[in-house]
Amino acid sequence: QRSKEAFLEVLKLYPRDVKSLQYLCFIYESLQNFDDATITSFVLEEIGGSSKKESLYIKLLSIKNDTKLDSSKKIQKLLNIYKENSILFRAIFESLFIYDHKVAWEFMDVSNSMQIADILWNLPKSKVDMDVVNSSMFLRELYSAKGYIKKSNSSKIFEFDVLINLNKSGYNIATLEFEYLCSECKKISPFPFIRCLECFSIDTLECEFMITKQKFEENLYLH
């Protein structure tokens, strides 16, 4: 609340200050005050401080946090945003895989799979659509590296290639973990994000792979 008041005071003096407006928009999002966040995003868009992606992201957050909507209505609204704009792929499909994995697989553009590689990697085998997997070289390699299938003998992605060869040799001793790079400011985070907390850019996440020792107890819930 104090941060919001401070930025409002700054904006009285500098009403077109892009950085202050971005901070204010982020604060409104954190407070789940999506009406004021939307207004702020429109102001940013008018002065060239943001793109349409900003207002759509706030709309997406509003849908996700609307307690009056059941999951089926949320799914439909999220799909409408995706079909009409073809942006915010990760933000939308992160939610779709939570609400209904079958719908997510049905509407997912496999050419964007890299954007949600961590989400796909962590799906239990029972929630993986093998028909979709078989249509994509990236997905075949990812799930061969995971050990769910044996459809790829190698991969140009180093981490996948190592895991595929370990699996072929019967050594189930390694797995993938992920770091998250903002393509805008190049900041690396151990946690996934839709809005970068460093530069406030939206939809700039890139998954970075890391091979780590397998922790078998962490994967018990998958079976």
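Colleague: Leaving aside its neighbours within four places in sequence, which residues is W105 in contact with?

Modeller: W105 touches F97, L120, L123, K127, V128, D129, V132, V133, L139 and Y143, where contact means heavy atoms within 4.5 Å. Keep in mind that this is a predicted model, where local features need pLDDT of at least 70 and side-chain atom pairs count only at pLDDT 80 or more, while totals for chains, interfaces and linings use all residues. Residues are numbered from 1 along each chain as its sequence is written, and side-chain values use heavy atoms, with hydrogens and water left out.

Colleague: What makes a set of residues a nonpolar core?

Modeller: The set must consist of buried Ala, Val, Leu, Ile, Met, Phe, Trp, Tyr and Cys residues joined through side-chain atoms within 4.5 Å. Buried means under 20% relative accessible area, exposed means over 50%, and partly exposed lies in between (1.4 Å probe, protein chains only). The largest such core here has 60 residues, and F93, F97, W105, M108 and Y143 have the most contacts inside it. In the chain of 223 residues, 44% count as buried.

Colleague: Why is Y28 called buried?

Modeller: Its relative accessible area is 7%, which falls under the cut-off, so Y28 is buried. You will find Y28 in helix α2 (residues 18-30); helices (H or I, at least four residues) and strands (E, at least two) are DSSP runs, numbered from the N terminus.

Colleague: And what is the relative accessibility of K186, and what does K186 count as?

Modeller: The value is 54%, over the cut-off, so K186 counts as exposed. K186 sits in the loop between β1 (174-182) and β2 (188-189), and has a positive phi of about 70° although it is not a glycine. Most residues other than glycine have a negative phi.

Colleague: How do you know that the span of helix α5 agrees with its 15 residues?

Modeller: The expected span is 1.5 Å times one less than the number of residues. For α5 (residues 71-85) that comes to 21 Å, and the end C-alpha atoms are 21 Å apart, so the two agree.

Colleague: Which residues of α5 are buried, and what do they line?

Modeller: The buried ones are K74, I75, L78, L79, I81, Y82 and N85. Seen down the axis of α5, these fall within an arc of 155° (taken from the directions from the helix axis to the C-beta atoms), so they line one face of the helix. Their cover includes α4 (52-64), α6 (89-99) and α7 (101-107).

Colleague: Why are α3 and α4 called roughly antiparallel?

Modeller: Their axes cross at roughly 170° and come within 8 Å. Axes are lines fitted to C-alpha atoms, for helices over the stretch in contact, with angles from 0 to 180 degrees between N-to-C directions. Angles over 145 degrees count as roughly antiparallel (under 35 roughly parallel, 65 to 115 roughly perpendicular, the rest oblique), so α3 and α4 qualify.
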